[in-house]
Each structure stands twice: as C-alpha cells, then as structure tokens.
Amino acid sequence: MLNQSTPLDRAFQALADPSRRAIVERLTRGPASVSELAKPLAMTFPAVMQHLAVLEGAALVASQKIGRVRICRLEASTLDRAEAWLNARRAEWERRFDRLGRYLEELQKEGGDDEARN
Amino acid sequence: MKPAIDAAAVRGAFTVERTFKATPAQAFKAFTDPDAKSRWFSGGDDQTIVERSMDVRLGGREVAVGKWKSGVTTRFDAVYFDVVPDRRLVYAYEMHIDALKISVSLACVEIEPHPIGVRLKVSEQAVFLDGYDDAGSREHGTNYLMDKLVASLTD
C-alpha cells in the first residue's frame with residue numbers, strides 16, 4: 001500500500017506547481033525539447049530543467065537526449081487513465097478545501113455568525 | 001493494486017477530511033447556498049462557467065458545466081438523495097467530458113462538530129466508465145485523460 005501511494009503523492013506534489021502543470025499540459029500535445037517548453041513559459045532554461053527534474057522524479061515525464069537536444073515526453077504509464085482520474089478527483093477536493101478554508105476564515109473575520117440558511 | 005484498465009468499468013473510492021474554524025451551520029451553508037458555494041467549489045480563471053444551477057433538497061439537482069482553457073468541456077450532474085441540515089448530504093453525480101460519460105459517483109458530505117470548529121469529511125465512490133477505447137488508441141486515450149487531468153488540476 002505504501003509503495004503504491006508514494007509515487008502518486010509525488011505526482012500530486014509535482015503537479016501542485018502551475019509551471020509544472022503547464023509543462024505537462026504542453027506535453028499532452030506531444031514530445032517537446034526543453035527550449036520549446038521554456039519559450040511559452042517565459043522561463044529560463046535552467047528553471048525548466050529544475051521543473052523537469054521534479055516531473056521526472058515523479059515519473060510523470062521522461063526525457064531523452066538526442067544529439068544536443070533533450071526531448072521530453074509524458075510518462076503515460078504513471079498516469080494510468082482510471083488511476084489518474086480518481087486521484088484527480090481527490091486532489092480536486094483537497095484544493096476545494098483550501099478555498100473553502102479561506103472562505104470560512106473570511107466569514108469568521110467578518111465576525112458574524114452569518115446564519116442565512118434557507 | 002492498480003485498477004484493471006481492460007475492464008469495462010473501474011471502481012474506486014476516496015475520502016478527504018479537514019477541520020475548519022466554522023460552525024456546522026456555516027459549513028452546511030457553504031455546501032448548499034449557491035452564492036456561498038460559488039466562493040470555493042470551482043476554481044480559477046482556467047474555466048469558464050457555461051451552466052450552473054443548484055437546488056439542494058431531496059430530489060433536487062445540481063449542474064455545473066465548465067469549459068476549460070485546454071478546450072474540454074466538463075459537465076457535472078448531481079441529484080441529492082439525503083439532506084440533513086448542518087449534518088449530512090448525500091448525492092450521486094455523473095461526469096461528462098465533452099460528449100463522453102466518464103463516471104458515475106456517489107458522494108457523501110459529513111459535518112461533525114469539532115473542538116476547533118467542524119470536521120468535514122467528503123467521501124466518494126466512483127465507477128469510472130472506460131469509454132476511451134472507442135475513441136482511439138491507448139495513446140490517444142491517455143492524452144485525452146491527461147488533458148482532463150491537467151484541466152482539473154489547473155486552478
């Protein structure tokens with residue numbers, strides 16, 4: 001069980017970052033070189049390499065050096081369709097709870113037991 | 001165990017729990033009042049809301065249709081089966097991605113008093129409908145889901 005959850009936890013940690021999500025999103029359209037990834041993200045080459053290292057560590061992305069160019073692609077097996085879907089649902093709730101927490105905090109600050117319930 | 005992707009359907013379940021500083025009434029309202037729920041349920045600018053309605057009562061429906069930057073449209077259709085004020089909600093929903101029905105789920109929201117406020121527990125049991133195989137190759141299906149995953153992860 002532990003062995004199973006760890007890679008998924010890493011995957012979700014990796015995908016918590018908007019830049020890394022953008023990279024993954026770009027790679028859903030097909031393999032790309034590091035500079036192709038860097039361009040639309042307005043990131044430096046080393047910054048992209050750092051993000052790629054995290055994504056590769058989470059087994060979400062694989063890369064291969066072809067000549068002088070490093071080509072990146074999605075590691076499809078990690079994101080098995082059903083697994084990915086179920087875990088996306090779970091991750092979605094975690095993020096909803098983040099937002100709900102902020103919302104409820106604001107309610108507390110407004111100092112009201114705003115009890116308008118119909 | 002990995003889900004059996006060759007099966008016609010895959011079942012799965014998860015529970016997410018968290019403690020909030022709020023009263024049970026505030027937490028319940030956050031789930032049942034359209035204005036309150038709009039403050040947290042859907043996230044971010046990457047989604048344009050195409051359709052939204054909710055009517056939380058026994059037999060009431062909730063619909064949320066969003067178009068994502070990635071181009072996919074997701075549709076959430078729910079029916080409420082149990083509504084206990086300040087305590088519990090049970091609803092079933094189906095999800096569509098574009099024209100494909102992707103899943104049917106049963107969800108339960110539990111609100112429990114807690115020393116610092118409330119403990120919220122959301123649990124879902126889902127049947128993932130493996131409809132992708134008709135849509136093309138495994139690679140296509142994976143990319144398709146990735147697209148969807150990215151969409152749902154993008155706040």
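Trainee: Two strands pair if DSSP finds at least two bridges between them. In which sense do β3(B) and β4(B) pair?

Mentor: They pair in the antiparallel sense, over 7 bridges. Helices (H or I, at least four residues) and strands (E, at least two) are DSSP runs, numbered from the N terminus. Please keep in mind that this is a predicted model, in which local features need pLDDT of at least 70 and side-chain atom pairs count only at pLDDT 80 or more, whereas totals for chains, interfaces and linings use all residues. Residues are numbered from 1 along each chain as its sequence is written, while chains are lettered from A and ligands numbered from 1 in the order in which they are written.

Trainee: Which residue stands opposite A64(B) in β4(B)?

Mentor: A64(B) faces F76(B), a residue of β4(B).

Trainee: And β2(B), how many bridges join it to β3(B)?

Mentor: There are 7 bridges between β2(B), residues 47–54, and β3(B), residues 61–68, and the two strands run antiparallel. M54(B) is placed opposite E62(B) of β3(B). The two strands form a hairpin with 6 residues between them. In the turn of that hairpin, G59(B) has a positive phi of about 80°.

Trainee: Does D86(B) count as buried, exposed or partly exposed, and what about D98(B)?

Mentor: A residue is buried if 20 or more other C-beta atoms lie within 10 Å of its own, exposed if 12 or fewer, and partly exposed in between, with the C-beta atoms placed from the backbone. D86(B) has 16 C-beta neighbours inside 10 Å and therefore counts as partly exposed. D98(B), with 13 other C-beta atoms within 10 Å, is partly exposed.

Trainee: Where is the place of F81(B)?

Mentor: F81(B) belongs to β4(B), which covers residues 73–84. Its 15 C-beta neighbours inside 10 Å make F81(B) partly exposed. Two residues are in contact if their C-beta atoms, placed from the backbone, lie within 7 Å. Beyond its neighbours within four places in sequence, F81(B) is in contact with V90(B), Y91(B) and A92(B). The C-alpha atoms of F81(B) and V56(B) are 9.5 Å apart, although 25 residues separate the two along the chain.

Trainee: How many helices and strands has chain B overall?

Mentor: Chain B has 3 helices and 7 strands. From the N terminus, the order of its elements is β-α-α-β-β-β-β-β-β-α. Of its 155 residues, 31% are buried. Helix α1(B), residues 24–32, has 7 of its 9 residues buried, so it is largely enclosed by the rest of the structure. Among the buried residues of α1(B) are F28(B), A30(B) and F31(B).

Trainee: Changing topic, what pattern does chain A follow?

Mentor: Along the sequence, chain A reads α-α-β-α-α-β-β-α, which comprises 5 helices and 3 strands. Buried residues account for 26% of its 118 residues.

Trainee: Which order do the strands of the open sheet in chain A have?

Mentor: The order is β1-β3-β2, with antiparallel pairing. β1 (32–33) and β2 (61–66) of chain A stand at the edges with a single partner strand each, so one side of each lacks a neighbour in the sheet. β1(A) pairs with β3(A), residues 69–74, over 2 bridges, and S33(A) has I71(A) as its bridge partner in β3(A). Helix α2(A), residues 18–27, lies across β1, β2 and β3 of chain A and runs at about 85° to β3(A).

Trainee: At what angle do α3(A) and α4(A) pack?

Mentor: Axes are lines fitted to C-alpha atoms, for helices over the stretch in contact, and angles run from 0 to 180 degrees between N-to-C directions. Helices α3(A), residues 34–41, and α4(A), residues 45–57, pack at about 110°, and their axes are 9 Å apart. V34(A), S35(A), L37(A) and A38(A) of α3(A) make this contact with F45(A), V48(A), M49(A) and L52(A) of α4(A).
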